[in-house]
Amino acid sequence: MALRRASWTVDGTPVLREVTFTAPAGRTTGLIGPNGSGKTSLISLLARWTRPTSGRVLLDGVDAGSVPLREFARRVAALEQHTATELDLTVRQVVAMGRVPHSRRLGFDLDGGDDPVVARALARVGAAGLADRHWHTLSGGERQKVQVARVLAQEPRVLLLDELANHLDPAAGLRLLDLVRGLGLTTIGSFHDLNLAAMFCDHLVVLHRGRVVAEGTPRQVLTPALLGEVYGVEAVVDDHPATGGPLVVMCGAAREKEEG
Ligand SMILES: Nc1ncnc2c1ncn2[C@@H]1O[C@H](COP(=O)(O)OP(=O)(O)OP(=O)(O)O)[C@@H](O)[C@H]1O
């Protein structure tokens, strides 16, 4: 999946500015950048929840907007940062929603009844025991796992993950990221935790005020100079003792510049 000079402007305010990058096929691309830099907005463009004001979103080399929606949903699955909390559905039904693009009938079996893909997806994220629970009774971390099961049930080729590690304890976050990486899909995810991004991504794209300001491997991108410029932090970048990749150690935040 790729963006070519994609911009998104809301009420005259540019949120994304001429963003261009290609997510390597079958690899994990991490979007990083400070609060408000445009990560969620970028995922929204890729997921077709919003349209670029100018520029293009490409899926397999063609304009993503020209791919019929059902076909698009068979190829691309997205995990939102905030999912509705008030759904009156069981967990199995939520995961079964991932099967909608594959259903031949109009409508679909909301119970996900005998669909083995639904059961398998729940088992893969360690949430089989939650299948009959009501969605609105789940904790934040349990919801996150169930949403991952939903996107797995969609059997996509491209995965878009906005803050996958949100709400998850360290072990649960690492397990889900391991699972996702092991799928070998083209994955694009946003991260606040730079060390998780470094561990799980082959490629990083750094956003700052809606622009791409750096791109490359975690080792190329995560430098003290870039972290200072983009995040306003003093940081040391060491070698991770387990992965051999970069390990970011925050030493302090520079004073915030006053607006105006
Ligand atoms: N629908 C909208 N209307 C107006 N402004 C918006 C809208 N969506 C996003 N923005 C603004 O665009 C900017 C980028 O927001 P976005 O949510 O993409 O950033 P982000 O990098 O995901 O931030 P965070 O790390 O805080 O989640 C922010 O200043 C936000 O207020």
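At what angle do helix H4 (residues 116-124) and helix H5 (residues 140-153) pack, and how many Å apart are their axes? Here are some notes on this predicted model, starting with that pair.

1. **The H4/H5 pair.** Helices H4 and H5 pack at an angle of about 140°, and their axes are 8 Å apart. The two are therefore oblique to each other; angles over 145 degrees would count as roughly antiparallel. The crossing of H4 and H5 is right-handed.

2. **What the two helices bring together.** On the H4 side you will find Val117, Val118, Ala121, Leu122 and Arg124, which meet Ala149, Leu152 and Ala153 of H5. By class, this contact holds 7 nonpolar residues, no polar ones and 1 charged residue.

3. **The six-stranded sheet.** An open sheet of 6 strands runs in the order E6-E7-E8-E3-E9-E10, and its pairing is mixed. Strand E6 (76-79) and strand E10 (211-216) each have a single partner strand, so one side of each is left without a neighbour in the sheet. On average, and ignoring direction, neighbouring strands here are turned by 15° against each other.

4. Have a look at strand E3 (residues 28-32) and strand E9 (residues 203-208): they run parallel and are joined by 4 bridges.

5. **The four-stranded sheet.** Another open sheet is formed by 4 strands in the order E2-E1-E4-E5, with antiparallel pairing. Its edges are strand E2 (13-22) and strand E5 (62-63), each with a single partner strand, so one side of each lacks a neighbour in the sheet. Strand E1 (residues 2-10) and strand E4 (residues 54-59) run antiparallel, with 4 bridges joining them. If you want a place to start tracing that pairing, Ala2 stands opposite Leu58 in E4.

6. **The E11/E12 hairpin.** Strand E11 (residues 233-239) and strand E12 (residues 246-253) are joined by 7 bridges and run antiparallel. Val233 stands opposite Ala253 in E12. The two strands form a hairpin with 6 residues between them. In the turn, Gly244 has a positive phi of about 80°.

Conventions:
Residues are numbered from 1 along each chain as its sequence is written. This is a predicted model: local features need pLDDT of at least 70, side-chain atom pairs count only at pLDDT 80 or more; totals for chains, interfaces and linings use all residues. Axes are lines fitted to C-alpha atoms, for helices over the stretch in contact, and angles run from 0 to 180 degrees between N-to-C directions. Angles under 35 degrees count as roughly parallel, over 145 as roughly antiparallel, 65 to 115 as roughly perpendicular and the rest as oblique. A crossing is left-handed if the near helix is turned anticlockwise from the far one by less than a right angle, and right-handed if clockwise. Two residues are in contact if their C-beta atoms, placed from the backbone, lie within 7 Å. Ala, Val, Leu, Ile, Met, Phe, Trp, Tyr, Cys and Pro count as nonpolar, Asp, Glu, Lys and Arg as charged, and the others, Gly among them, as polar. Two strands pair if DSSP finds at least two bridges between them.
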